[in-house]
Structures are given as C-alpha cells and as structure tokens.
Amino acid sequence: MLRQSLIQSLKPGLRSTLYPASRTITTTAVRMGEGDTGATRSGGAAQGDAFSKREQGEEAYYVRQREMEKLKALKEKIAEHQKHLDELDKNVTEQMNSGKK
C-alpha cells in the first residue's frame, strides 16, 4: 500500500521531468474562400484581377528579355563565323593570285 501511494504521488512529477512538452497541440482547418483552391479561374486565363494581369505581364517581360539575350548571343556568333569565313575567302583569293604568277 505504501508502495502504491508513493508511485501515485511521484507520477505527476515524473511526467513533467520526462515529458516537459506534453501539452496538447490543437490545429485548425485552413479556411479557403471561393477561388482559393489553386484551380484556374472560371473565366479563363484572360480574366482575372490586377495581380494576375501584372504577373502575366512580368512573366512575358522576363521571357522576352531572355529571348533577346539569346538572340544577341546568336548574332555575335554569326558575326564571328562571318569574320572567319571572310578570312578564309581572303586566304583562298591570295593563294589563287599567287598561283597565277
């Protein structure tokens, strides 16, 4: 009997030292309004609020900028290749002229 009363009296103290974070955790369900489900809007992509239109504009601008950078790089490569072809043409012309002499 003494043993049982000792165990019963020590249980709350043991719980707090062994499990200091034994509080209950409560969570609430996320409430969503209409259109907050992540699905596309009912009016299609053309319709939307100002934020959607602005986001579309920024995406289009970003894509255009990247395309312009790629085009610039391609034009530089073309210029380098054209310069190389001109040098080759010049060498061929010089060799043909030197062979005629």
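Reply: A helix here is a DSSP run of H or I, at least four residues in length, and helices are numbered from the N terminus. The model you are looking at is predicted.

Me: How many helices and strands does the chain have?

Reply: There are 2 helices and 0 strands. Helix H2 covers residues 50-100, and the rest of our discussion is about residues in that helix.

Me: How do I read a salt bridge, and how many does the structure hold?

Reply: The general idea is that side chains of opposite charge can pair when their charged atoms come close. In this structure there are 2 salt bridges. One joins Arg66 to Glu69, with 3.1 Å between the closest N and O atoms. The other joins Glu58 to Arg54, and there the closest N and O atoms are 3.2 Å apart.

Me: What share of the chain counts as buried?

Reply: Of its 101 residues, 0% count as buried. The accessible surface of the chain is about 10,400 Å², and carbon and sulfur atoms make up 57% of that surface.

Me: Which residues make the nonpolar surface patch?

Reply: A patch of this kind joins nonpolar side chains within 5 Å, taken from residues with over 30% relative accessible area and no salt bridge. Here Met68, Leu71 and Leu74 make a patch of about 310 Å². Met68 sits in helix H2 and is exposed, because its relative accessible area is 53%.

Me: Where does UniProt place the coiled-coil region?

Reply: An unreviewed UniProt entry gives the feature "coiled-coil region" at residues 64-98. Such an annotation may be inferred rather than shown by experiment. In the model, that span is 100% helix and 0% strand, and its end C-alpha atoms lie 51 Å apart.

Key
Residues numbered from 1 in each chain as written. Predicted model: local features only at pLDDT ≥ 70, side-chain atom pairs only at ≥ 80, totals over all residues. Heavy atoms only, no water. Patch = residues over 30% accessible without salt bridge, like charges linked within 9 Å, V, L, I, M, F, W, Y side chains within 5 Å. Areas by Shrake-Rupley, 256 points an atom, 1.4 Å probe, with all protein chains shown as cover. Salt bridge = Lys/Arg side-chain N within 4 Å of Asp/Glu carboxyl O. Buried < 20%, exposed > 50% of the residue type's maximum accessible area, 1.4 Å probe, protein only.
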